[in-house]
Amino acid sequence: MGIVLTGGTIVTAVDCYQADVRLAGEKIVAIGRDVSQAEDNVITVEGCYLLPGGLDPHTHFELEGVTTTADDFASGTAAALTGGTTTILDFATQSKGETLAQALANWQSKAAGKCFADFGFHLAITDWNQEVCREMQRLVVEDGISSFKLYMAYKHNLQVDDGIILQALKRSREVGALIGFHCENGDVIDVLIQEARSQGKRSPRFHALTRPAAVEREATARVITLAELADAPVYIVHLSCAGALQEVIAARARGLEVYAETCPQYLILDESCYDTEDFSAAKYVLSPPLRSTYDQAVLWNGLRTGALDTIGTDHCSFNYEGQKELGREDFSKIPNGIPGVENRLGLLYTYGVLTGKINLQQWVAFTSTNAAKLFGLFPRKGTLAVGSDADIVVWDPRQSSTITVSQQTQRVDYNPYEGLPQTGKVEQVFLRGQQVVAQGKLCSKEPQGQYLFRKPFPTRKV
């Protein structure tokens with residue numbers, strides 16, 4: 001017995017058309033008219049869009065540091081599903097002295113048996129040596145880890161130097177991997193933070209002032225230069241400002257293989273969130289910080305023209321009370337990050353599609369298809385096609401709501417988009433053929449998410 005979704009409008013990255021979809025087992029087995037068979041469960045979804053399950057390429061669940069994120073893999077992936085995201089790629093971060101295999105094992109143990117959505121990992125390298133260099137190939141071949149990450153910020157902790165970046169990029173080309181980069185000049189930021197603190201400037205607003213757009217633009221230009229020297233592809237994560245995007249556009253014009261991601265917070269929120277006299281601005285302490293409305297406009301245009309490739313969330317949730325408050329006396333001690341995995345599709349539909357900044361097909365491309373292609377999951381994920389996983393979102397564009405912390409699934413005590421109106425709603429979600437969300441609520445009682453073995457990144461030129 002299969003499931004047939006009838007009466008809806010299919011939206012993919014390239015098409016928008018009316019058809020029915022039949023699911024059997026874990027796959028889509030038919031798309032068209034009159035596809036149902038005897039004993040199928042036929043579900044009418046008239047007036048709704050049928051979308052491929054969202055793929056969020058940038059989450060941080062159960063991230064440990066001075067404090068541990070409010071969302072673990074259970075609450076985070078449950079929130080992802082209710083927001084229309086059926087696959088997440090989290091960051092398995094290597095600690096100093098660890099091998100990459102040990103880092104991956106640590107994150108696998110955190111996620112094991114907890115994930116409501118399908119999941120994979122990028123491997124974040126913080127301690128480079130020749131053994132790590134050799135390990136990269138084994139992770140690609142044996143573990144399906146086809147992407148890595150390096151930090152150009154967080155001096156004395158995660159940051160690596162340019163020599164390591166160059167070596168890692170050369171190795172990535174050899175092993176069939178794509179490296180993502182957090183692009184901010186950590187050395188300069190460290191100086192700016194020390195200067196601000198010495199002058200008694202310790203409120204949350206100084207987080208943004210000590211991480212100006214110039215340090216992101218410079219680091220983006222620098223890593224693109226290193227990628228050019230290595231003749232390797234590069235992926236810029238959470239790009240937030242016009243200057244950094246201009247560096248990406250210029251590099252592509254030179255024929256370089258540069259991909260870029262932005263996030264809803266940089267499209268919806270702006271630096272005015274820091275203009276408060278109280279500590280509430282700490283809710284918006286993330287890196288890179290929120291930018292100007294001009295930067296917002298440039299990023300939306302970058303999406304419209306294809307200069308940006310993906311929209312992740314960088315979901316890294318810390319409670320305002322008890323966690324963000326660790327930095328009440330010093331902005332540099334505020335845990336960096338905001339939640340968002342649950343709100344991504346709704347925000348982009350409301351403030352992107354309905355305002356004419358992007359179209360329906362781009363909405364799907366940025367939230368699902370492009371990431372599936374870049375990270376070795378297409379066409380299993382990222383589209384609605386016969387043979388693809390039956391990851392389907394039933395989106396009802398007729399419903400409206402207001403975003404509020406009291407209605408969210410993610411396990412954090414605030415929502416950065418609190419009070420914003422939203423048009424459209426996730427009505428139903430299917431994960432590999434099983435209904436996991438009904439009437440907008442999680443109906444899957446047990447985690448069904450599977451680890452995803454991903455294909456190597458193909459060597460190609462733009």
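**Exercise 1.** Is Glu228 buried, partly exposed or exposed?

*Solution.* The model is predicted, so that local features need pLDDT of at least 70 and side-chain atom pairs count only at pLDDT 80 or more, while totals for chains, interfaces and linings use all residues. Residues are numbered from 1 along each chain as its sequence is written, and side-chain values use heavy atoms, with hydrogens and water left out. Step one is the scale: buried means under 20% relative accessible area, exposed over 50%, and partly exposed in between, with a 1.4 Å probe and protein chains only. Step two is the value for Glu228, which has a relative accessible area of 39% and is therefore partly exposed.

**Exercise 2.** Describe the salt bridge between Arg432 and Glu26, and the network to which both belong.

*Solution.* The closest N and O atoms of Arg432 and Glu26 are 3.2 Å apart. Arg432 lies in the loop between β17 and β18 (434-438) and Glu26 in the loop between β4 (20-24) and β5 (27-32), so the pair ties together parts that are 406 residues apart in sequence. Arg432 is buried at 5%, whereas Glu26 is partly exposed at 35%. Both take part in a network of salt bridges that also includes Lys27, Asp118, Arg380, Lys381, Asp389 and Asp391.

**Exercise 3.** Work out how strands β16 and β17 are joined, and which helix packs on their sheet.

*Solution.* Two strands pair if DSSP finds at least two bridges between them; eight bridges join β16 (residues 392-402) to β17 (residues 421-431), and the two run antiparallel. Within this pairing, Trp395 stands opposite Val426 in β17. Helix α11 (residues 344-353) packs on the sheet through contacts (heavy atoms within 4.5 Å) with β7 (49-52), β16 and β17. The sheet is open and mixed, with its seven strands in the order β3-β2-β7-β16-β17-β18-β19.

Methods: Helix = DSSP H or I, 4+ residues; strand = E, 2+ residues; numbered from the N terminus. Axes fitted to C-alpha atoms, helices over the stretch in contact; angles between N-to-C directions. Salt bridge = Lys/Arg side-chain N within 4 Å of Asp/Glu carboxyl O.
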